[in-house]
Amino acid sequence: MTNRKNLRIDADRLWDSLMEMAKIGPGIAGGNNRQTLTDEDAEGRALFQTWCEAAGMTMGVDTMGNMFATRPGEDPDALPVYMGSHLDTQPTGGKYDGVLGVLGGLEAVRTMNDLNVKTKHPIVVANWTNEEGTRFAPAMLASGVFAGKHTQDWAYDREDAEGKKFGDELKRIGWVGDEEVGARKMHAMFELHIEQGPILEAEGKDIGVVTHGQGLNWLEVTIIGKESHTGSTPMPMRINAGRGLALITELVHEIAMKHQPNAVGAIGHVDVYPNSRNIIPGKVVCTVDFRSHLQEVIDAMIAEFDERAPKLCADIGVEMSWEMVGTFDPPAFDEGCVKAVRDAAQELGYSHMDIVSGAGHDACWINEIYPTAMIMCPCVDGLSHNEAEDISKEWAAAGTDVLMHAVLETAEIVE
C-alpha cells in the first residue's frame, strides 16, 4: 500500500457490467427504457443485488425502495462513506446516465476486494429510486424523502400518466424495504456521473470536480391577447399573444447571456390557445426556467425579467402576468469532499477542472444533510437523456478511479 497511484479499477470489468445492465430495458435506438418501478427496473435491481452480494456486500432496502449495499469497515462504530447514483432511465435514455455512478461504485468495491484494501469506515453503494422523475414527478423523489424534503405519504401518492401511484407500483415490483427512510447516517457521500453537457469534452479534461449544483426558479407566464381571424384582421389591429411569447423568449435569452458564466435561461414549455392555424393566439402560457449556481444571480435575472417583460408586452397591446411555480436553491458541495476529489484526480494524473452541475442529482439533496461531492466524466457532444448518449471506456475508468480514491481517502485505509 506504499504507492496509492497503483490502485486502479478494472476498466474492462466495469465496461462489461455497464453493457450487461444495458441489456435490461433496451430502447429502440441503442439506449435504454428502464423507467422507475417498471418490471425492467425490478430486473435491473435484482441484477445489481446479485452482483453486490457476490462482492461480499449485504443489501439493505428502505421503504422508498432505495438500495444500500454495504462493505464492512474495520471500525464498527465509524459512519459509512456512501457512493452511488440511480439505475432508472428516461423513456429514451442512455446507458450511462446514473448507471455509471452505481456500477462505478460497485467496481470500486470489487477492486478493493481484489487488492485486499481495508478501510476504517464501512463503504456503501447506493441506488436511489426515481431520480429521473419522468414517470413519477418530481425528480430525485426518493433521495428527497431521505433528506426530509418530502414526506413518504406524499411521495407514495405521486401518480404516473396512467393514474398508477408510486407506492402501489413500488409494492407491485417487490421492492418495498423494511428500513425507515432517512434513518441511515453518513460520514460522506460521493456521486459519479456523466457531465450531461459539452464542457469537459470541449476543454479536453478527463475529470470535472463539481463544486456547485445549479439552483433554479421556474416562472409560469400568462400572456393575454385577443383571438381573431388570421386572414381578415389587419396587421395594425392585431392583439397577438404569440408576439408576446416571441418577445419574452428573446428577453429570457438576453438576460441569461448578460449573467455569464454558468447562468442559463430558456422557455421550455408552451401552451398556445386556441392553437388553431387560422386564429391569432388570444392566450399563451409558458414556463421560464432561470438557473445559476449563485442565488444572487438567479434573483437578479428574475428582477430584470419582472422589470422588462411587462413593458415589452404592454408596448404591443397584450397583458402579461407571472407567478413562481418552482424553486431549488443552488447547492455548494462540501469543501472537504470536493478537495478529496480534486486531490484524487491530481494524484492519479488525470486532467481536471472545476465545474458546475447543470442538472439536478441525488447528491444535491444529500448535500443538505451530509458532506457530499460529485465527480463528472465527459460525454460525447454533451448529449444525454437521449439514446445516442455515449462515453468512452477510458472516461468511465478515469471517473471511477477518482471516485475510488476519494472514497478511500475519506473512509481511511487501514494498513
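1. Accessible areas here come from the Shrake-Rupley method with a 1.4 Å probe. On that basis the accessible surface of the protein chain, in what is a predicted model, comes to about 17,500 Å², and 49% of this surface belongs to carbon and sulfur atoms. Of the 415 residues in the chain, 55% count as buried.

2. On overall form, the C-alpha atoms of the protein chain fill a box of roughly 80 × 45 × 40 Å along the principal axes, and the chain has 12 helices and 16 strands. Its radius of gyration is 23 Å, close to the 22 Å that the globule rule gives for 415 residues, so the chain is as compact as a globular protein of that length. Among contacts with a separation of 6 or more, residues 24 or more positions apart account for 80%.

3. F68 and Y82 are buried.

4. F68 has a further partner in F146, with ring centres 6.1 Å apart and planes at 50°, so this pair is tilted. F68 lies in strand β2 whereas F146 lies in helix α4 (residues 141-146), and the pair therefore ties together parts that are 78 residues apart in sequence. Both F68 and F146 are buried. Taken with W128, these residues form a cluster, in which ring pairs link F68, Y82, W128 and F146.

5. The charged end of R158 sits over the ring of W154, at 3.9 Å from the ring centre, and the charged end of K283 sits over the ring of Y273, at 5.4 Å from the ring centre.

6. Where does S17 sit, and what does S17 touch? S17 is found in helix α1 (residues 11-22), and, with a relative accessible area of 7%, S17 is buried. Leaving aside neighbours within four places in sequence, S17 is in contact with W51, L103 and R110.

7. G360 counts as partly exposed, at 28% relative accessibility, and, if residues up to four places away in sequence are not counted, G360 touches E131 and M140. The C-alpha atoms of G360 and W175, which are 185 residues apart along the chain, are separated by 24 Å.

8. Some backbone geometry deserves a careful look in the viewer. Most residues other than glycine have a negative phi, and most peptide bonds are trans. The peptide bond from A137 to P138, however, is cis, with omega near 5°, and P138 has its place in the loop between β5 (123-127) and α4. A cis peptide bond also joins Q260 and P261, with omega about 0°, and P261 is found in the loop between α8 (241-258) and β10 (264-273).

9. Which residues have a positive phi although they are not glycine? N275 has a positive phi of about 65°; N275 lies in the loop between β10 and β11 (279-280), and is exposed, with a relative accessible area of 62%. H385 has a positive phi of about 55°, lies in the loop between β15 (372-377) and α12 (393-411), and counts as partly exposed at 40% relative accessibility.

Notes:
Residues are numbered from 1 along each chain as its sequence is written. This is a predicted model: local features need pLDDT of at least 70, side-chain atom pairs count only at pLDDT 80 or more; totals for chains, interfaces and linings use all residues. Side-chain values use heavy atoms; hydrogens and water are left out. Buried means under 20% relative accessible area, exposed over 50%, partly exposed in between (1.4 Å probe, protein chains only). Rings of Phe, Tyr and Trp (its six-membered ring) pair if their centres lie within 6.5 Å; planes under 30 degrees apart count as stacked, over 60 as edge-to-face and the rest as tilted. Helices (H or I, at least four residues) and strands (E, at least two) are DSSP runs, numbered from the N terminus. A charge sits over a ring if NZ of Lys or CZ of Arg is within 6 Å of the ring centre and within 35 degrees of the ring normal. The radius of gyration is taken over C-alpha atoms; the globule rule is 2.2 Å times the number of residues to the power 0.38. Contact means heavy atoms within 4.5 Å.
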